[in-house]
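Hello,

Here is the structure I promised to hand over. Please have it open while you read my notes below.

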Amino acid sequence: MSADDQKRRAGEAAALHVEPGMVVGLGTGSTAAWFVKALAARDLAGLRCVPTSEATADLARELGLTLSTLEDTPRIDLTVDGADEIGPGLALIKGGGAALLREKLVWEASSRCIVIADAAKVVPVLGAFPLPIEVVAFGHKTTGNRIADVLIDHDISQPARLRQAERGVVRTDGGNVIYDARCLAIHDPARLADDLKLITGVVEHGLFLDLADEAIVGTDDNGVERL
Ligand code: 5RP
């Protein structure tokens, strides 16, 4: 079974948790897109959906889902979203799709959060996937240097790298930039999360700790596993 099939299975299984009339947070990325498609196919009455990115909003709109905002629906019943890594205790790295700030705002407003993924995302230690850190564009090189100091304090010797794409520096939906930290292994995610948040100019980081209630992971045998 391909990774994409596993993502689809996980998305479809998560869509079964949604009930009519719910306010649902829609994640961002290829796995979350499978969830959005499966949710739209269920055609449930009275759903209101809060997207975590412009890309997800476009997809949901195209599929006929009713969109809302955190301002209009500040309490979300269930959010379903992908992840870049799922570690012990459902600690996550997110932000590979540069949507981590809106994602975290929506996750934190949710009564329940389900993370969906293909099996390769489940890891024994977080950190092989570079940790995304969202930074205000103004003075971002100075902030990048401060991030490097914090990383050294966590035995991470490589400075975080400014995310670039073919068209230049990547900007988030909020106009910020992303620094990706090659941590390799994050031994104390809670301390790193706290230390990064203390840096002026850091808007948010991709460590999602104590936020996921359940993981639904697509498996090789055509099924899903719940963690
Ligand atoms: C976007 C995210 C995504 O959920 C994460 O990058 C996983 O993406 P995909 O489902 O495409 O593998 O955090 O900011």
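Start with the ligand. The shell around the ligand has nine polar residues, five nonpolar ones and four charged ones. Keep in mind that this is a predicted model.

In total, 18 residues surround the ligand. The closest are Gly29, Thr31, Gly82, Gly96 and Gly97.

Which helices each supply at least two residues of that shell? They are helix 2 (30–42) and helix 4 (100–108). Helix 2 gives the most, with three residues.

Next, the backbone. Two residues are worth a look here.

Take aspartate 155. Look for aspartate 155 in the loop that runs between helix 5 (140–153) and strand 8 (161–162). Its phi is positive, near 60 degrees, and the residue is not a glycine. Is aspartate 155 buried or exposed? Aspartate 155 is exposed, because 12 other C-beta atoms lie within 10 Å, and a residue with 12 or fewer counts as exposed.

Now leucine 184. This residue sits in the loop between strand 11 (177–181) and helix 6 (189–197). Leucine 184 is not a glycine either, yet has a positive phi of about 70 degrees. With 13 C-beta neighbours inside 10 Å, leucine 184 counts as partly exposed.

To find your way around, go to the ligand and pick out helix 2, which gives the most residues to the shell. Then move on to the two loops, one with aspartate 155 and one with leucine 184.

Best wishes

Conventions. Residues numbered from 1 in each chain as written. Predicted model: local features only at pLDDT ≥ 70, side-chain atom pairs only at ≥ 80, totals over all residues. Helix = DSSP H or I, 4+ residues; strand = E, 2+ residues; numbered from the N terminus. Buried ≥ 20, exposed ≤ 12 C-beta atoms within 10 Å, placed from the backbone. Near = placed C-beta within 6 Å. Nonpolar A, V, L, I, M, F, W, Y, C, P; charged D, E, K, R; others polar.
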